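The sequence and the structure are shown first.

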Amino acid sequence: MSNSQNRVVGLIIVIIAAIILIAAVIFGQMFYPYNAWLCWGFPILGAVLAPLLAKFHPKARDYSAILFGYLGMLMAFSMISAIFSGVAWDGTQWLEVTSPWISVPGLITIDWGMLIDPLSVFMACVATGVGFLILAYSLGYMKGDSSLSRYWFFMQFFIGGMVILVMANNLLLTFIGWEIVGLCSYALIGFWYNRSNMVHDDQLGDVTEGELNSHSGMKAFIVTRVGDVGLLISIIFIFFFTVSAGNPTLNYQALLTDYAWLGQMAIVLNGVLLLTVFLLFFLGPIGKSAQFPLQFWLPEAMAGPTTVSALIHAAAMVKAGVYLVARMSPILVQGYFALSTIMIPALYAIAQNALLNFFLIIAIIGTFTAFMAATMALVANELKKVLAFSTISQLGYMFMALGIFAFTADGVYGYTAAAFHLAAHAIFKALLFLSAGAVLHAVHSKYLADMGGIRKAMPITFAVMLIGALALSGVPPFGGFWSKEAIFSSAWHLWGTGSLWGMIFLLFGALTAAFTIFYSFRLIGLTFLGNPSKNVKDLEAAGTPVHEAPGIMWVPLAILAIATLIIGFTEPFLQNFFYQFWDVQYSLIPHAPHLAPLLEMYLEFFIHVFTSPTFLITIGALLLGGIPGYIFYIRGSRSTDFAGRGFARRIYNFLYNRWYWNGAMYLIFVDGGLRVARGMYKYIETKGIDKFNYVVADSAMGASRGWRRLQTGVHSWNMILLLIGALAFLLLLLLFQFYGGLLIPLPFP
Amino acid sequence: MSYLELLGVPIYVFLIVAVFLYAIGIYGMATKRNMIRFLIALELLLDGAHLNFITFAVAWQGFYIDLLAQAIVIVSICIGGGVIAIALAFIIRAYNKFGTLDIRKLNKLRH
Amino acid sequence: MALFNYLTFTVLLMLIGAPIAWIIGRRNGRYAGIFALLIMLTCLVTFGLAWWEFVVAGDYTEAFFWGPFLFGWLLDGLSATVGGIVLVLTTAATCFSLAYMSKEHGKNRYYALLLMYNAGILGVVLATNLFQFYIFWELMLIPSYFLIAEWGTKPKSTGIALKYFIFTHIGAVLIIVGIAGMWALSSVPTLNMYGFTGTTPVINLSWAFPQANLAQIFAFELMKILVILFTIGFAVKMAIFPLHTWLPDAHAEAPTPISVILSGVMIETAAYAMIRILMTFLLPAYSIFVYILMGFGLVTMIYGGLMALAQKDTKRLFAYSSVSQMGYIFLGLGTAILLGVVGATFHIFTHALGKGLLFMVAGVLILQIGHERGRDINVMGGLARKMPWTATIALIAGLSIAGTPPLAGFLSEFIIFGGAALASTFYILIFAVASTALTASYILWFVKRVFFGATPNDLENVTDSPLTMRIPMIFLALFIIILGIWPWIVLNPLFGAITWIP
């Protein structure tokens, strides 16, 4: 088929798909209750079928992957109507669709169950929607790759696992989904383990690219595994305390309604155990969402294909940590208020203190990570690395919001802000990554220094990437602005209540926003504007000039860009709407939801935003970062080299080497661990314990040799021994007597 | 305490003689290098045992003599004769092999 | 209704098959192998029939009286599951041997010894009488000694086999002393494991001490001594630190199919025996040692993991990994709580599958690459594109051992940790879960080094495993995945069977 025919067919398919999607959203009721199972069932079915279909025809496999991704998305979107129509809320609980899985008689029954509530449906829609678009994009991006079966398998398995994670109704099932996405991330990062060109890595030295990819995958798995260990420990502790409180469960809604376990946990060790358990719980999100101190796996994860980076490390897996914290925080916040009914005041104060400290620590880690990663992004030299650092930074924002939400009286506002920042970020970060993929594909290099001046050659990519960058920076009225605004106002409220932490969060948040817009402009400027680099000129000379991406790739980009714009413009409305929703559910002061008419709500929100002091702070931060960024990179054309000297150079090195954290981790844990293991093997095992066997064996042989010397064969010797033996026997007989069958010494009565 | 007298000496003298014979026999078996002397010492040991038996046979009930013990002694003497015969056969064999009557040559299980 | 005595037939068929295999294989060893495989498959079928009886009618027993002693076989939830995995893994190992041992000498002897070995292990699991148990315990030991000595890595295999034999035999001696002690001191002298009912005290010393409470105290002390004896005897077999030193040498230098059986099922029979013997009769005395036992389990876990990280030889790495996994099982057994013990038994199951598969992978590497180079991790690399099946199976088995959902190994570890939590041993719990990160590290390091990365030039011509090796491996891998998603096929019988632990 010719190109224009292709385009027409493509357009028709897109329109039909969109119509079916909208129909699913509106009429989703009819799929209930199957949609809860199918929205992860379809992707997993697609994953299992991918290697089988590959036997028939590769195209069948590729298109089936897209089909199953689409079906999964349909199922996820069809659950939206259940939320809004009130089917899923029966007054006290959200709906759960369950099937019994493990039952320990007399103790606990853990189901394989799906919870249909706003947060899970929201996340499922984001995951499957962005996932589907990325799968479509992959058709073009991964064309011609030799191991596509493996790719489709893991991508779809990932989407299925992510949906299980967000829709699970109990902690164990969430953990299972958690590990599934970790496994797929490991497999997909190390996807190109075959490549044999040599590259240089700071930690590994000169290795083949395949070796580096596998190493990056292994690093991701092990670092997140450290976090998972903490999560698992805390799940088991929660299980233990629910048992001792009399109602063994791991189900979220049950944990919410029967909060006695929280009280029991708070009593132990004066609240220290509560804090420890939940910090261990938070260690899981720290690992998965790449927060400090476990943030150093994400930049290496860029070794995988760009679609993998987009899906896993921008849109889905790293959001899992945020989701988990969002899932547990209402339970903890409710405990904060409701425990007063079952605990004595002294202990209640201890519980409150522990919970407050927990949220404070979340906010601190989030803010610190956001700041830290933004500074690293300022000096990064690879396109995808900038985006990776930016992801870490934005995730930090989300955690900051979730942490602050528990403090302020208007807490649900912050919760809503975090959720929306999550959705918006998923979309625009996926957009940025995918367009980065198009650029990488075209320029055949991952370094910013090899790009430049390709705006005329790739206009669509430039446009969408600009939209993404503006959304990322938080320029009004794009998406990122509203959520950052909400986060800053939560911090402002916190400061207003007298806590100095509010000021610190606000300050660092604002600085991070300034850095964000600076590096976004840097990114756009270095990639698209300015003079073409030597690499671009070489490509033109070689006859493969930089060109726009094919249709199958830029259509998803366009859809994502449009989605970004839509979310940007409607976010205030949606945010307010969801705020009403979650307010009813999570607010402790029961009040009826006040749903004002649409326009009024919209205007109300605008007025609220534009008249708050944080608006000035946000705009100020944008200007602070934006003006230098604009001057350096968009008007002027600086390069990636840094010409500073002395102290500036030191700071540059510090930022460039990722605050030396990566190196420190390798030194302490990898080298240190191996040294400990090898040392123990050499000294304790082979020289110590194993030696003990030989000591025993040698002494046994020595003893036997010693005894053998009695057998001299010399006759007189034997005679003497005979005599001695006879005398001894006589002595025994004289001194002892037999008493009732036992040999007892004579003086015994 | 009054002891039975036999041949004008109290009965315990016989026992002492028997012990002497034991001692000489054991001493001889333990110390003598010559196989023949070893054999003689063995016989002395046996004689000591026999004397012991006889003494107790007489001294048992005072007036009654335990004939079973005396019968046993006679059997033992016969057996002792057999023992001497076999022992002498051993000694001849050893003399033929080693060329000497030194008992210290017989200290290995195999050559 | 049982048509004939299935279980007796199963065990006897293997025992009788041994000399017949020896005879058949004298001309050509291959026939011995095929015959052995047929025997094992038949045993699998008859065991399946017996298992079916168990599912339908509850506990399935075959009892024979010899004078006052009751010998026989029992199939309840516990022995059915453990016996099932024993038989499945030994059959898989026999099938694996066909290709692995194809170039070795003395195949008829090998298969004869293998059949005896399999019979011994199954007999241990199914035995009802303590003496019978001990007979099969020794029957497990002796053929394996010969197998390691003759077909292990020369020239050190004889020494290693002897070390293995003496170590394990000392353990067996302690066990027989314990058994004798129980028999001599019990109020109802019987060796029948199921003869003790709930309230009769195992040891009754009222004939020695007239005062009742003094008799009870002394009896309890004796019970504690018996517990210590039994535990040390079983711990030697299970390779718990510091009694583990025989395992790395024996499992690494044994021929690989034997390593599969050794690591996969034989060391776990000690755990089974602990549940059957120790926790049935001596539970009150056993419960005192909970912290000590769990502490040893924890130390074994961490120590085994660290040692595994330091290894450069595939089979030694897996051997130390087995030590570490036995630590998990010992931890679960040490909790003396239903959840922990069931978790430990389930871990027996999943570890048999996972570690058996890993050793089979090592065997494939040895067969395809060579006895020296196929074991050196530093020399291999990038083999995933040459051996895709083996790489996938290694990844599945490795991730199961590392405790990754949705594979079976995660659930067994989770249940063990749940039990540890219920036993209120929090510090041990935290360190135990933390050591799972260690397990993940050495497994992933192995997989990455051997299968991913660059392929050395001299390994360009390596091909994947032959079919007779691949089929059992695929089957076991599928089983791991199925068990991870539907664990109740194993868990339900276990929870139903172990009723005497709180």
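The sections below describe selected features of this structure, which is a predicted model.

## Overall form of chain A

Chain A contains 25 helices and 6 strands. Taken along the principal axes, the box filled by its C-alpha atoms is roughly 115 × 70 × 65 Å. Of the 749 residues in chain A, 57% are buried.

One pair of residues gives a sense of distance within the chain. Leu273(A) and Arg195(A) are 78 residues apart along the chain, and their C-alpha atoms are separated by 48 Å. Leu273(A) has its place in helix H10 of chain A. It counts as buried because its relative accessibility is 11%, and the cut-off for a buried residue is under 20%.

Strand S1 of chain A covers residues 95–104, and it pairs with S2(A) in the antiparallel sense over 9 bridges. Strand S2(A) itself spans residues 108–116 and is mostly covered, with 8 of its 9 residues buried.

Together, S1(A) and S2(A) form a hairpin with 3 residues between them. In the turn, Gly106(A) has a positive phi of about 80 degrees. Val104(A) has Ile108(A) as its bridge partner in S2(A).

## The largest cavity

The structure holds 10 cavities of 30 Å³ or more. The largest cavity contains about 130 Å³ of space. Which elements give two or more residues to its lining? They are S1 and S2 of chain A, together with helix H15 (408–422) of chain C. H15(C) supplies the largest share of that lining, with 3 residues.

Both bridge partners named above, Val104(A) and Ile108(A), are among the lining residues of the largest cavity. The lining from chain A also includes Ile102(A), Ile110(A), Leu172(A), Phe239(A) and Leu250(A). From chain C, Leu339(C), Phe414(C), Ile415(C) and Gly418(C) line the cavity.

## Aromatic rings

A pair of aromatic rings is described by the distance of the centres and the angle of the planes. Over all chains, a search of the whole structure finds 58 aromatic pairs. In one of these, the rings of Tyr70(A) and Phe132(A) have centres 5.4 Å apart and planes at 55 degrees, so the pair is tilted. Tyr70(A) belongs to helix H3 (residues 58–85) of chain A and Phe132(A) to helix H4 (residues 118–141) of chain A, so the pair ties together parts that are 62 residues apart in sequence. Tyr70(A) is buried, with a relative accessible area of 11%, and Phe132(A) is buried too, with a relative accessible area of 14%.

Elsewhere, ring pairs link several residues into a cluster: Trp261(A), Phe278(A), Phe281(A), Phe282(A), Phe358(A), Phe359(A) and Phe399(A).

## Charges over rings

Two contacts place a charged side-chain end over the ring of a tryptophan. In chain A, the charged end of Arg195(A) sits over the ring of Trp192(A), 4.0 Å from the ring centre. In chain C, the charged end of Lys237(C) sits over the ring of Trp137(C), 5.0 Å from the ring centre.

## Cis peptide bonds

Phe292(A) and Pro293(A) are joined by a cis peptide bond, with omega of about 5 degrees. Pro293(A) is located in the loop between helix H10 (272–288) and helix H11 (306–315) of chain A.

In chain C, the peptide bond from Pro405(C) to Pro406(C) is cis, and its omega is near -5 degrees. Pro406(C) lies in the loop between helix H14 (388–402) and H15 of chain C. H15(C) is also the helix that gives 3 residues to the lining of the largest cavity.

Where in chain A does Arg658(A) lie? It is in the loop between helix H23 (646–656) and helix H24 (661–708) of chain A. Although Arg658(A) is not a glycine, its phi is positive, at about 55 degrees. With 13% relative accessibility, Arg658(A) counts as buried.

Trp659(A) lies in the loop between H23 and H24 of chain A. Its phi is near 55 degrees, a positive value in a residue other than glycine.

Notes
Residues numbered from 1 in each chain as written. Chains lettered and ligands numbered in written order. Heavy atoms only, no water. Buried < 20%, exposed > 50% of the residue type's maximum accessible area, 1.4 Å probe, protein only. Helix = DSSP H or I, 4+ residues; strand = E, 2+ residues; numbered from the N terminus. Pairing = 2+ DSSP bridges. Phe/Tyr/Trp six-rings, centres within 6.5 Å; stacked < 30°, edge-to-face > 60°. Lys NZ or Arg CZ within 6 Å of the ring centre and 35° of its normal. 1 Å grid on protein atoms, 1.4 Å probe; cavity = no way out; pocket = protein on both sides within 12 Å on 5 of 7 lines; lining within 4 Å. Points joined across faces, edges and corners; volume = space filled by probe spheres on them.
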